[in-house]
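Biologist: I would like to go through this model with you, one question at a time. Please show it first.

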Amino acid sequence: MRKMLVFVAALLAASPALAISRYNSQTISCDKARAAIHNEGAVILRYPSPRVRGMTLFDRYVRNSRQCDGNEYAEWTTIPTKDNPKCRVLNCQNIDNLDGMLFVPDNSL
């Protein structure tokens, strides 16, 4: 029993943290948002909804398609940042959105 407990503790200590960084996109510049995404692989960015007052929107933004699930790919979108209301970043989209295209885009930040 003790060996099993030591093994589980060692396994947990060796596994990487599954935490993902979160940022408020309107407090950082577009370059800093893109740099955070590029350096960390994926981050969560939150920002106020342009349509519903008081509502906060958020999504996971990625460096490239390798950060997405197997049935997703990285597609360009825009988010508001402190210095740019339409900062271009990538987020994961379902492959079904490609409408019969032969090749999946290989976008990278």
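Biologist: Is cysteine 87 buried or exposed?
Modeller: This is a predicted model, and the relative accessible area of cysteine 87 in it is 0%. Buried means under 20%. So cysteine 87 is buried.

Biologist: Which cysteine forms a disulfide with cysteine 87?
Modeller: The two sulfur atoms of this disulfide are 2.0 Å apart. The partner lies in helix H2 and cysteine 87 in strand E5, so the pair ties together parts that are 57 residues apart in sequence.

Biologist: Why is the disulfide of cysteine 68 and cysteine 92 given its handedness, and what is it?
Modeller: The sulfur atoms of cysteine 68 and cysteine 92 are 2.1 Å apart. Cysteine 68 is in the loop between E3 and strand E4, and cysteine 92 is in strand E5. The torsion about their S-S bond is about -90 degrees, so the disulfide is left-handed.

Biologist: What pattern do the disulfides of the protein follow?
Modeller: A search of the whole structure finds 2 disulfides. With bonded cysteines counted along the chain, the pattern is 1-3, 2-4.

Biologist: How many residues of strand E2 are buried?
Modeller: Strand E2 pairs with strand E1 in the parallel sense, and 7 bridges join E2 to strand E3, which run antiparallel. E2 is largely enclosed by the rest of the structure, because the buried residues number 5 of the 7.

Note on methods:
Residues numbered from 1 in each chain as written. Predicted model: local features only at pLDDT ≥ 70, side-chain atom pairs only at ≥ 80, totals over all residues. Heavy atoms only, no water. Buried < 20%, exposed > 50% of the residue type's maximum accessible area, 1.4 Å probe, protein only. Helix = DSSP H or I, 4+ residues; strand = E, 2+ residues; numbered from the N terminus. Pairing = 2+ DSSP bridges. Disulfide = S-S within 2.5 Å.
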